[in-house]
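Visitor: Please take a close look at the pairs of oppositely charged side chains. I would like to know where they sit and what surrounds them.

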Amino acid sequence: MRSLIFVLPWLALAAGPALADPDSSFTLSASAADFDRYFPSYLANGYFSTMTAPRGTEGNLAYMVAFMDYAKDDIARPAAIPGWSEIDYSAGDSAAGHFWMNQVPLHPALFQDYSQTLNMRDATLTTRYRYVDHQRSTQIKVTTFVSQSSTHLAATQISLTPDFDGTVQLSFALNLWAPYQPRLPLAKLTGDEMQEAVAAHNMKLIAIPPATPDRAAVWYHGDTHVLVADGDVKGLTLWLDGRAEQGLSMAEAAALQLPDGVQAKDIALVQKSVSPRLEPRHNGAKGKTYTFSKFIAASREDWGGDAKSDLALAADARKAGFDTLLAQHRAAWLDLWRSDIVIDGDAGAQTAVHSDLYYLLATSTPDTHWPMGACGLTPGYTGHAFWDSDTWIFPALLLLHPERAKSLVMFRSFTLPAAQARAQAVGLKGAKYPWEADPENGSEQTPHFAYVLGEREIHVNADIAIAQWQVLAGDARSRLAEKIRLAGDAQCGRFLGKSRVLEPGRASLRDRARHLGRRKLQRCAE
């Protein structure tokens, strides 16, 4: 089983002492003592995401549902979209120079009284600390979320309280990523060739603490090419249009909100750097708090519009205000948590289960035909849909959130033609679902070095059929159940019924498929 749970090691270790709080099973927290073992989590609403980072202000990798890179000779993989979370800060010039907070070493002496909390009940990340820049210090609070109520929107907010009078500077960017290197031709390499290529680039397939995950050498992100990016100083906005490598189009926009009563001393639109950014300066007063907000809208082909449409969405969100958007987001998450799993007497297990459910909810979409990747909205397992989606994830969602479980079985229905074509290609009837399926179109994406899994691990068909049967068992008369029964279940059964006996002396796949089919028909008739 591939775990979908990205429990942050540094957060998990820090969570124990706080369990006296009745809501502590929904929170994972860290202190400066955990800097050296920080492993990122993510904030998401099922449609798009951002990874997390210690300061809360960094520009982080972000992903979008089923938004894939199709580079030549490689397998499909999630294309990283431009990072949207960055808000950098400078306390101004000093005798030592001009420093940006996101570039300063992460050290407890520079980030004092540090805490970061992932609140899984309302899917917010809150980071607090006192940032020290030589003789100046600034109290920082950052709050970030990806809206569950308005799924094209996200927002991040920073509150600054300087202990000095003087000019400070901020930077709001949309981070563009350089093409990932090295790209390996995983659609062509054998197992030995893949391992030689990994070694030739001085990489490893094992996890490297604290932040390099397992098999990162082959589970890297794909590329998004930004076609046009611009901004408007007067409107305090940024926007861009892009396209995944040989894939779908996407767009992002940002609208900034300055503190009430603050007039920016000057605002620069910087386009010569890697990432387009707006950089305002203003005169800060000692002990006064200034709050800056950044509203984000994102979309992709077949889900939303272009940069112009996203710009309008971001501007409307700014008009409504950060507190309004956050309140709506929190209400949507509280509604999701009306379905919960409660454990008495084991606080650690309760936190683990709430972590499980948080990632299931943050990664799933209601009433769509998109699956969940084996590692959610990350490049893990290159974002492909495995049988885990049908056997492990689907039942949990079916019990608690059937509208989200529906999307997983609808993915198999939506991609049935691709599975039928695979069966026909090897002279079989019915549907032969892939071992690793592209989450957008259902095509086979198993790396060449593991191609044997795509040929032998045909239990994926049975896993899909069992998930569909669970829908039938819940409501055999529903239109959804009827559609699934006539399409996917029948096709899976035809394929399994024509498959060869793989284990002499034991019941054949054909016999087992027929038996399973008879049992299902009997249950449906009842």
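Guide: Asp214 and Arg215 join their side chains in a salt bridge with an N to O distance of 2.9 Å (a side-chain nitrogen of Lys or Arg within 4 Å of a carboxyl oxygen of Asp or Glu). Asp214 is partly exposed at 35% relative accessible area, and Arg215 is partly exposed at 31% (buried is under 20%, exposed over 50%, partly exposed in between, with a 1.4 Å probe and protein chains only). The model is predicted, so local features need pLDDT of at least 70 and side-chain atom pairs count only at pLDDT 80 or more, while totals for chains, interfaces and linings use all residues. Residues are numbered from 1 along each chain as its sequence is written, and side-chain values use heavy atoms, with hydrogens and water left out.

The search of the whole structure gives 19 salt bridges. One of them pairs Arg183 with Asp69, their closest N and O atoms lying 3.0 Å apart. Arg183 belongs to the loop between β13 (166-173) and α2 (191-200) and Asp69 to strand β4 (residues 68-69), so this bridge ties together parts 114 residues apart in sequence (helices are DSSP runs of H or I with at least four residues, strands runs of E with at least two, numbered from the N terminus). Asp69 is buried, at 0% relative accessible area, whereas Arg183 is partly exposed at 22%. Asp69 and Arg183 also belong to a salt-bridge network with Asp74, Arg77 and Asp223.

Asp73 and Lys188 form another salt bridge, 3.9 Å from N to O. Asp73 is in the loop between β4 and β5 (77-78) and Lys188 in the loop between β13 and α2, so this pair ties together parts 115 residues apart in sequence. Asp73 is partly exposed, with 31% relative accessibility.

Arginine side chains also sit over aromatic rings. The charged end of Arg121 is over the ring of Phe26, 4.0 Å from its centre, and Arg136 lies over the face of Phe164, 4.7 Å from the ring centre (NZ of Lys or CZ of Arg within 6 Å of the ring centre and within 35 degrees of the ring normal).

The chain contains 12 helices and 19 strands. Among contacts between residues at least 6 apart in sequence, 67% join residues at least 24 apart (contact means heavy atoms within 4.5 Å).
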